[in-house]
Amino acid sequence: MSAPTIDPDRRDPASVAATDTYHPSDRVWVYRGGAWRAGIVEVASRDAATVTYRPSSSRGTGVDTLTARFMQPRSEIDPMLDKKIVLPESRTA
């Protein structure tokens, strides 16, 4: 999985999506601890988003509230963070 390399302070403000464009379960990158980390949006508002993310390469997660500058969309799957949706089998009588 290839994380972004851009410093959040060097991003063009016009290219930063507002936090209210994100929805619950959206995959994102979050900038924390000097690195971009894989995350999942829990809730988002006009001002900030609450995101569950992996603060390191271990299985543990953290939850933080971030502004748009410290987030960007993520298309890659993180096998330790992203949940697969399993649909129940259809049953016929």
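Residues are numbered from 1 along each chain as its sequence is written, and side-chain values use heavy atoms, with hydrogens and water left out. In this predicted model, local features need pLDDT of at least 70 and side-chain atom pairs count only at pLDDT 80 or more, while totals for chains, interfaces and linings use all residues.

**Core**

The largest nonpolar core has 16 residues. Such a core is a set of buried Ala, Val, Leu, Ile, Met, Phe, Trp, Tyr and Cys residues joined through side-chain atoms within 4.5 Å; buried means under 20% relative accessible area, exposed over 50%, and partly exposed in between (1.4 Å probe, protein chains only). Y22, V28, V30, V41, V51, L66 and M71 have the most contacts inside this core. At least two of its residues come from each of β1 (27-32), β2 (35-44) and β3; strands are DSSP runs (E, at least two residues) numbered from the N terminus. Beyond residues up to four places away in sequence, V30 touches A35, W36, R37, V51, Y53, L66, F70 and M71; contact means heavy atoms within 4.5 Å.

**Rings**

One aromatic pair is found in the whole structure. Ring centres of Phe, Tyr and Trp (its six-membered ring) must lie within 6.5 Å to pair, and planes under 30 degrees apart count as stacked, over 60 as edge-to-face and the rest as tilted. Y31 and W36 form the pair, edge-to-face, with 5.2 Å centre to centre and 65° between the planes. W36 is buried, at 8% relative accessible area. R32 lies over the face of F70, 5.6 Å from the ring centre; this requires NZ of Lys or CZ of Arg within 6 Å of the centre and within 35 degrees of the ring normal.

**Polar residues**

A polar contact is a pair of N or O atoms within 3.5 Å; within protein, one must be able to donate a hydrogen and the other to accept it, and residues adjacent in sequence count only if both atoms are side-chain atoms.

| Residue | Partner | Distance |
|---|---|---|
| T52 side chain | E42 side chain | 2.7 Å |
| R69 side chain | D9 side chain | 2.3 Å |

T52 is in strand β3 (residues 49-53) and is buried, at 14% relative accessible area. R69, in the loop between β4 (62-66) and β5 (71-73), is partly exposed at 39%. The C-alpha atoms of R69 and P13 are 7.9 Å apart, although 56 residues separate them along the chain. D78 is in the segment after β5 and is buried, with 1% relative accessibility.

Conventions:
Helix = DSSP H or I, 4+ residues; strand = E, 2+ residues; numbered from the N terminus.
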